[in-house]
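Look at the model below and follow the aromatic side chains through it. The text starts with a helix and then turns to the rings.

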Amino acid sequence: MGGLATFVMDSVVIGVVATAVLDLWALLQRRMFGIPSLDFAMVGRWLGHLPRGRFRHEGIGRSAAVNGERALGWTAHYVIGVVFAAMLLAAVGKEWVHAPSLWPALAFGILSVVAPFFILQPGMGAGIAASKTPAPGKARLRSLVAHSVFGLGMYLAALLLAAVHAG
């Protein structure tokens, strides 16, 4: 496979695996501690309103439903994971996949929290960095932990890919 094809495939594998690790983390938190996870139907609803010119909602749950919002939200969740993985690979270089280290993936995962803090949360009515939620500090910490788990997932996926590339 050529350089671009390998980059795309590595990005897809790392992004999908890391997003799945994040989803398993959310499932574990919900089952063990009763911590609710993000409703991806609401993400789909937010995205579904964008072509209609509406970026910001007072409360996304009170906005009109969008056809296929749950599927749209889940698809976007995984596509965003792939995009973040591609950004990581573009930043650290393709050599990282052959000999991954934890710190670049973890740092990138933590930095990726900028997207929900300044795009998704304000757009859905939660304010910048969840400032309009009942417990902003708790929401921020959960986002930071979730994105750290995503970073760990990127590292684990890269370890798998390194083994595949080596064999």
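Helices (H or I, at least four residues) and strands (E, at least two) are DSSP runs, numbered from the N terminus. One of the helices is α6 (residues 114–124), which contains Phe118. This is a predicted model, in which local features need pLDDT of at least 70, side-chain atom pairs count only at pLDDT 80 or more, and totals for chains, interfaces and linings use all residues. Residues are numbered from 1 along each chain as its sequence is written, and side-chain values use heavy atoms, with hydrogens and water left out.

Now turn to the rings. Rings of Phe, Tyr and Trp (its six-membered ring) pair if their centres lie within 6.5 Å; planes under 30 degrees apart count as stacked, over 60 as edge-to-face and the rest as tilted. Searching the whole structure gives four aromatic pairs. One of them is tilted: Phe40 and Trp74 lie 4.5 Å centre to centre, with 50 degrees between the planes. This pair links distant parts of the chain, since Phe40 is in helix α2 (residues 40–49) and Trp74 is in helix α3 (residues 69–92), 34 residues apart.

How covered are these side chains? Buried means under 20% relative accessible area, exposed over 50%, and partly exposed in between (1.4 Å probe, protein chains only). Phe40 is buried at 10%, whereas Trp74 is partly exposed at 35%.

Trp46 and Phe55 form an edge-to-face pair, because their ring centres are 5.5 Å apart and their planes stand at 65 degrees. Trp46 is buried, with 7% relative accessibility, and Phe55 is partly exposed, with 41%. Elsewhere, one aromatic cluster is formed by Phe84, Phe108 and Phe150.
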